[in-house]
Amino acid sequence: MSLVTVTALVLTKVADAPLRQQGIAAALLLLFAGSAAVVSWRLSEGSSRPTGWVTTVPACWVFAWGVAQLALQGPDAVEWFLGGDNVRHVGTVAEIVSTGDLTYADTAYPRAWHTVIALAWVFGGAALDESRILSFVLLNATSTWILFALLVLASSNLANAIAQRLQSQGWRAGAWAAALAGCWMMTPRFMADTLALGFQTTILAAIVLAVAARECVVGRTNRLNGYMVWVALVVLMAHTWQLLIPAVVVPAAVHGWRVAVSDAQARGRVLVLTSLGALGAAPPFLSAYTGPGIAASAAPGVSPVPSWLVLLASVIATMIVIRQLPRAEATGLGGVVLAPMLVGVAISGVLATSITSYYPSKLLWHTAAVGLGLFAVVTVSFVARAARAGPALRIGGVTIGTLASAFGLWGLVTPLGSQIHAWSTVDGQRVMSALEIPGSSEAQGVWMNTDTETAVTRTLIASLRGVALAADRMSVAEECAAMRESPSPVVVTSKSATAAHRRYDCVDGLQVITVHR
């Protein structure tokens, strides 16, 4: 993804709307698939064969739920997705599809993830209009679900790698730790909240951190290959969430320095990789630094604070694990896991905002989420040792093991919420019906059954025009002002035409598109 994003940036500089061209989209997707295969092969180093398949089981479970979701067909398959920031992300993808560019000249918001989805749509060759909006939303929803499955896989791989590195209980410890970490990642606070609220870049950033944490403990025969992975992680994080760059750039710099010092022949390649990485990461970082700056981190928003107990457990588990590792590995691992929390605390102090406010709480979430892998290792180790100890400790081990398993089982059933409308905030049938009516893309006014439905529908209508809305809630006066500027004022509503004319009597010649649901 890092390579594709940087290539898209370069193409935008040298060509006009390159990402709108189907051939370029195909080439970039092929580059994405090829580089992903190579990286996966590189990251498989250090894994033991007996546990290799076990680490994929929780992720496959999430993927299977996604396939079941598709079986619902129609709006029911995407209703869980129609809320929070998900629809804003759809707008960002639509904007890239419309402009065919990836640039940070107008906004500092990182868009690596959105670029890949946009390329997939362009590759399909379909236009973005009312007749295809359901397919477009379905592509975004399915991609997001797969992204979370990758986070589950990354968490399982991290737990397995740490268990294998400590070599305390054999390969079975790695298998159990991987299973627990993956299942715990599926629990509501980590899965339901992030998917339903639309924290897509949060999920991607957590994947980057989990891979970085694993990289700290996997011994590689070719350390230059390891540095290549670190450079890719830095670039991807820069195009995902700038606040988390310190969590990966510091260990990356330390790793690069160690490679350069220990291998004189590799210094030139280290310098080249560093330069390329800096150039690739610079645009979103500089855009954020010279634009909104750190003050933007005080912006309000809805973000559930991770369970303080889980956060504490993750921090304690991290401290336990790093005490058993060599200093270099311990410093890197501790930095990657704890840096998000420390950055959140720093932002809270500098900007005099609550630690539970939007951005600080999301940073705390990252430490809790990545720390789950370490917590799983510590839990399995304790239960295994307790089984060989005295009666009192054995009882404690059984209790902890039972609670850990119950927590994991809770995670296994959490995806069901997406199919029984437990995550829904709108009526998917009504919203998608409004979008599929010919002419709805021209609407300046939207009036649905609830304020949330109105905001979601308005955002997706803007997506049909290839625009990412900055604000999804408008007063009637603001809508009237927009309609007066249009030669053909249009409103989409789930109310009656008579009620719509009465509400928007501020304009003449109003065309009312009524949603029947």
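Helix H7 (residues 133-166) packs against helix H16 (residues 358-386) at an angle of about 45°, with the axes 8 Å apart; helices are DSSP runs of H or I with at least four residues, numbered from the N terminus, and axes are lines fitted to C-alpha atoms over the stretch in contact, with angles from 0 to 180 degrees between N-to-C directions. H7 and H16 are therefore oblique to each other, since angles under 35 degrees count as roughly parallel, over 145 as roughly antiparallel, 65 to 115 as roughly perpendicular and the rest as oblique. Where they meet, with contact meaning heavy atoms within 4.5 Å, H7 contributes residues including Leu151, Ser155 and Leu158, and H16 residues including Trp365, Gly373 and Leu374.

This is a predicted model, in which local features need pLDDT of at least 70 and side-chain atom pairs count only at pLDDT 80 or more, while totals for chains, interfaces and linings use all residues. Residues are numbered from 1 along each chain as its sequence is written, and side-chain values use heavy atoms, with hydrogens and water left out.

The axes of helix H15 (residues 327-350) and H16 come within 8 Å and cross at roughly 160°, which makes H15 roughly antiparallel to H16. Among the residues that meet here are Val337 and Leu338 in H15 and Val370 and Leu374 in H16.

Thr318, in helix H14 (residues 308-322), is in contact with Gly334, Val337, Leu338 and Leu374, leaving aside neighbours within four places in sequence. Thr318 is buried, with a relative accessible area of 0%, where buried means under 20%, exposed over 50% and partly exposed in between, using a 1.4 Å probe and protein chains only.

Methods:
Helices (H or I, at least four residues) and strands (E, at least two) are DSSP runs, numbered from the N terminus.
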